[in-house]
Amino acid sequence: MEHKDSSPQTMDTLVSLCKRRGFIFQSSEIYGGINGFWDYGPLGCELKRNIRDSWWRAMVRRREDVVGLDATIIMHPAIWKASGHADGFADPMVDCKACRHRFRADQLCEEHGLALLRTAGGFALPPEVKCTHCGSKDLTEPRAFNLMFKTYVGPVEEEGAAAYLRPETAQAIFAQFRNVLETSRQSVPFGVAQMGKSFRNEINPRNFTFRSREFEQMELEFFIRPDEAVELIRGRVASLADKPDLSQPQDDWGWEVWHKYWVEQRMAWYRAIGLPAASLVEYWQPKAELAHYARACVDIQYAFPFGVQELEGIAARGDFDLTQHHKHSGKPMEVFDEQLKLAAAGMDAAARAAFTQRVTDTWSRDGRDPEAARAFAALLLEGKYIPHVIEPSAGVDRLALALLCNAYAEEQVAGDKGKTETRTVLRFYPSVAPVMVAVFPLVKNKPELYKHARGIFDALQRRWCCFWDESGAIGRRYRRQDEIGTPFCVTVDFQTLEDGTMTLRDRDSMQQERLTLEALKERLDGLTA
Ligand code: GAP
């Protein structure tokens, strides 16, 4: 057998496989489709379900310091005012006056190898830029376009009833922070995780599902103590310069170490679900690219056929979000920290004054308001603060696409009659494969064998996603499963009736072995845990 791998040369190959085998369809296809919206077919929705389950297990169920939330898509519009989305969640857009094509201004510039210019009032195109569709230079000035989808709550379409489909799941976590804190028996440091649909009216949806208008996010807000609180409690703040062991969280970690810890956790998870380390890039945003409130942000990127692009962003956002909701809602977002209160109680007046001075000096050096620094220090000395946050924010659809790209391979193999043929195979890790095991009765006209095979299928189906296929030659049945990425095929034959063993065929090696149902279950268990 000669192996010759090739990941999809173009996205077209993958898009067509996704449609042909029921992974992803264009939304509303029978009416000509709707740009930026995609439906997941029978296999696609199993793939997405496995992604979500794996994320939830890793981020919530297997941790004692993270709890879940499932909030509504439409929330009070004041949330988007506080978060900055109502005023600032916009992309610059330009129109070609000749052919009426619409572009995202930064992407149009990128296609010319140029950068969009920033001006006092917004943005400007460099003079060389022209329409990539018709070549005209007659383009509108870039103007900001808010990406939130607007709707109306109730029967009257008036401004007072306007609301938005959430553009991210994260804000609900901040808005419900107090309720979760008070009901979950967690204390800082701890996290709240949420997954669900988000909506962005992207100017230029593209690259299949990569940039869609409706998509799913998996987000964690992990709340930590401000470094100054750690310093008061532990007398020191561990930083990356200390080369800390990142395997277990420690209570002397500052934000920098927590941030790096989450980058490592997330990278390990991507590798564990089958994306090779060599296909992943950890992109540390330079200071100039950071949002004004962010202290650091790392993009985890994947080498897609259309370029290296973001799967997830991991941002250290300071106390920006909770402070915004504290100010806008008028509801306090501070937490009381018993350990901090105890540490502060042990300080004399001189130590308190020295601490306040240190905080004020540091803030002043960073160009921040000294008055606010004094208020912050005074609050800390009372045992209170607004928690800071580390936010790993991932997309389900982008990951599904990355897994599909990564899994795709074409191989030259020897066919039934010795002729070389091309085998298309999706090499998903078993933990994400839409179908875990396919069960075939060798023949369908032997009632005893058929019934026995059905029994095995039923037993496996209780735990795993299984596929029953009784038609065609066994070789053809294997190929059909290869093309949808099923890791294992089981054939029930006459020997099964005698000794209980069946043939297990491995998708990747194409090797076969005989084993019992119990041994098979044990093997599958180890691969899906
Ligand atoms: N709360 C932070 C946040 O939403 P983001 O970088 O805008 O950050 C996080 O989005 C992730 O959501 C991205 O890394 C990506 O995986 C996914 N995502 C964002 N916009 C998307 C889109 N238009 N289509 C598909 N996925 C998208």
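User: Let's start at one spot. In which loop does Asp252 lie?

Analyst: Before that, a word on the source: this is a predicted model, in which local features need pLDDT of at least 70, side-chain atom pairs count only at pLDDT 80 or more, and totals for chains, interfaces and linings use all residues. Residues are numbered from 1 along each chain as its sequence is written, and side-chain values use heavy atoms, with hydrogens and water left out. Helices (H or I, at least four residues) and strands (E, at least two) are DSSP runs, numbered from the N terminus. Asp252 sits in the loop between helix H8 (227-234) and helix H9 (255-272).

User: Is Asp252 buried or exposed?

Analyst: Buried means under 20% relative accessible area, exposed over 50%, and partly exposed in between (1.4 Å probe, protein chains only). Asp252 has a relative accessible area of 13%, so the word for Asp252 is buried.

User: Which side chain does the side chain of Asp252 make a polar contact with?

Analyst: Contact means heavy atoms within 4.5 Å. Leaving out residues up to four places away in sequence, Asp252 touches Val230, Arg234, Arg236, Val237 and Ala238. A polar contact is a pair of N or O atoms within 3.5 Å; within protein, one must be able to donate a hydrogen and the other to accept it, and residues adjacent in sequence count only if both atoms are side-chain atoms. At 3.1 Å, the side-chain partner of Asp252 is Arg236.

User: Back to H8: what covers its buried residues?

Analyst: The buried residues in H8 are Glu228, Ala229, Val230, Leu232 and Ile233. After H8 comes Gly235, with a positive phi near 80 degrees. The cover over the buried residues of H8 includes helix H11 (338-345), helix H12 (349-365), H13 and strand E17 (384-385).

User: Where is Glu371, and which side chain does its side chain make a polar contact with?

Analyst: Glu371 belongs to helix H13 (residues 370-381). With a relative accessible area of 49%, Glu371 is partly exposed. Thr360 is eleven residues from Glu371 in sequence, and their C-alpha atoms are 7.9 Å apart. The side chain of Glu371 makes its polar contact, at 3.2 Å, with that of Arg374.

User: How many residues surround the ligand, and which are the closest?

Analyst: A residue is near a molecule or strand if one of its heavy atoms lies within 4 Å of it. There are 19 residues around the ligand, and the closest are Glu168, Arg200, Glu202, Glu219 and Glu310.

User: How much of the ligand's exposed area does the protein bury?

Analyst: Start with some atom pairs: a polar side-chain atom of Glu219 lies 2.6 Å from a ligand nitrogen, and a polar backbone atom of Leu311 is 2.8 Å from a ligand oxygen. Accessible areas come from the Shrake-Rupley method with a 1.4 Å probe, and for residues only the protein chains shown count as cover. Taken alone, the ligand exposes 550 Å², and the share that the protein buries is 88%.

User: Which elements give two or more residues to the shell around the ligand?

Analyst: By type, the shell divides into five nonpolar, five polar and nine charged residues. Here Ala, Val, Leu, Ile, Met, Phe, Trp, Tyr, Cys and Pro count as nonpolar, Asp, Glu, Lys and Arg as charged, and the others, Gly among them, as polar. The elements you asked for are strand E12 (214-224), strand E15 (307-318) and strand E18 (388-395).

User: How many disulfides are there?

Analyst: A disulfide is a pair of cysteine sulfur atoms within 2.5 Å. Cys109 is buried at 0% relative accessible area, and Cys489 is buried too, at 1%. By the rule just given, the count is zero.

User: Which cysteine sulfur is nearest to that of Cys109?

Analyst: Cys109 is in no disulfide, and the nearest cysteine sulfur is 13 Å away. That sulfur belongs to Cys131.
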